[in-house]
Amino acid sequence: MKKTVLFIAAVALLAFTGTAMADINIKLAVVTKPGSAQNIVAAKFEELIAQRSGGNISVKVYHSASLGNETEILQQIQMNTIQMAVITGGPFDTFDPIVRVVSYPFLLKDYAQADAILDGPLGAEILKSLERSKIKGLCFSENGFRNLSNNKRPVNTPEDVKGLKIRVMSSTIHKSIWQALGANPTPMPWPIYTELEQGVIDGQENPLWVMEVYKFYEIQKYMTMTRHVYSCHIDVASLDWWNSLNPADQALIQKTIHDAAVFERQDNRSKNAARLAMLKEKGMQIVENPDIQAFRARVADLKNLDLYSDPQVKALLEKILDATR
Ligand code: EAX
């Protein structure tokens, strides 16, 4: 009798811990709110990894900057107080200059090129490089092509940009682009709704989903489809944490975050036409065909800036420029 009771207690305990505790618990941070591109990657990963690991790997997503802005999240990734994150390309700038290559203006022209480069050996070189900063680069997902919005005037040519106070990410290349275009670029971490609303800044630049999810159509009258940068996310892990995992778990996590990224890229792309129609309906004045040649001419020499002077960074930029010409 005593034995049976003990046995039942043991089984009950096993069943309890089996459901209540996963073997691997991942804190995953994003700066944006539910429905955002970063969050779609995170939510898909959370769902797929639970299924594929039979519940052994569980993810808790911390969103809306609850663990800090993107720079602060990356610092916590380095320290392994956060295990995974989906972070916009821009803020990697201060961690590893190689990421500046992806933000080079008018570099990646369409989705096919973006996927070919970033999923291929050149993208792999960027991911590998991050290990020097204790960050394990897993794969790329997407924010999308960035467009300019502002509250002062319609922008057709770089002349119209002159003097506009434009918020940019914490990134030397993003700042340089807007300087070259004649704007007054102001680095600021996400989110920026209040600053736009109060007129601390005249405008910002982000993909179409941001205009929708963050309701920027309420506070920005003009948008121009500049598509000046293909904005990636890098899906990352803490390198110390990654090295503590066994190879089977690493492989499962690597495959699953990539599948989540591919899902998100398709999801994002499939929604852009409807987003554009919605923004027009909300009353935004949208310049769909600005003088792109004039914009390109203004930023044509940026590769000669000091921020690309590191030989490895320069070489990679040249290789991608060649591959995408
Ligand atoms: O995804 O800071 C930015 O402009 C990013 O694009 C933002 O996280 C929205």
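**Notebook: pocket and ligand site**

I looked up the largest pocket and noted a volume of about 260 Å³, the volume being the space filled by probe spheres set on grid points joined across faces, edges and corners. A pocket here is an open set of points on a 1 Å grid over the protein atoms alone, where a 1.4 Å probe fits, with protein on both sides within 12 Å along at least five of seven lines, whereas in a cavity the probe fits but cannot get out; lining residues have an atom within 4 Å of a point.

The model is predicted, with local features needing pLDDT of at least 70 and side-chain atom pairs pLDDT 80 or more, while totals for chains, interfaces and linings use all residues. Residues are numbered from 1 along each chain as its sequence is written, and side-chain values use heavy atoms, without hydrogens or water.

For the pocket lining I listed, among others, Tyr-104, Phe-106, Lys-109, Arg-296 and Arg-325. By class I noted 6 nonpolar, 1 polar and 4 charged residues in this lining.

I then turned to the ligand, which sits in the largest cavity, that is, more than half of its atoms lie within 2 Å of the grid points. Its surroundings (a heavy atom within 4 Å) include Thr-88, Arg-167, Trp-190 and Trp-209.

For polar contacts (N or O pairs within 3.5 Å) to ligand oxygen atoms, I recorded 2.9 Å from the side chain of Gln-38, 2.8 Å from that of Asn-143 and 2.9 Å from that of Arg-146. Taken alone the ligand exposes 260 Å², of which the protein buries 99% (Shrake-Rupley method, 1.4 Å probe).

Notes: Polar contact = N/O pair within 3.5 Å; in protein donor to acceptor, adjacent residues only side chain to side chain. Nonpolar A, V, L, I, M, F, W, Y, C, P; charged D, E, K, R; others polar.
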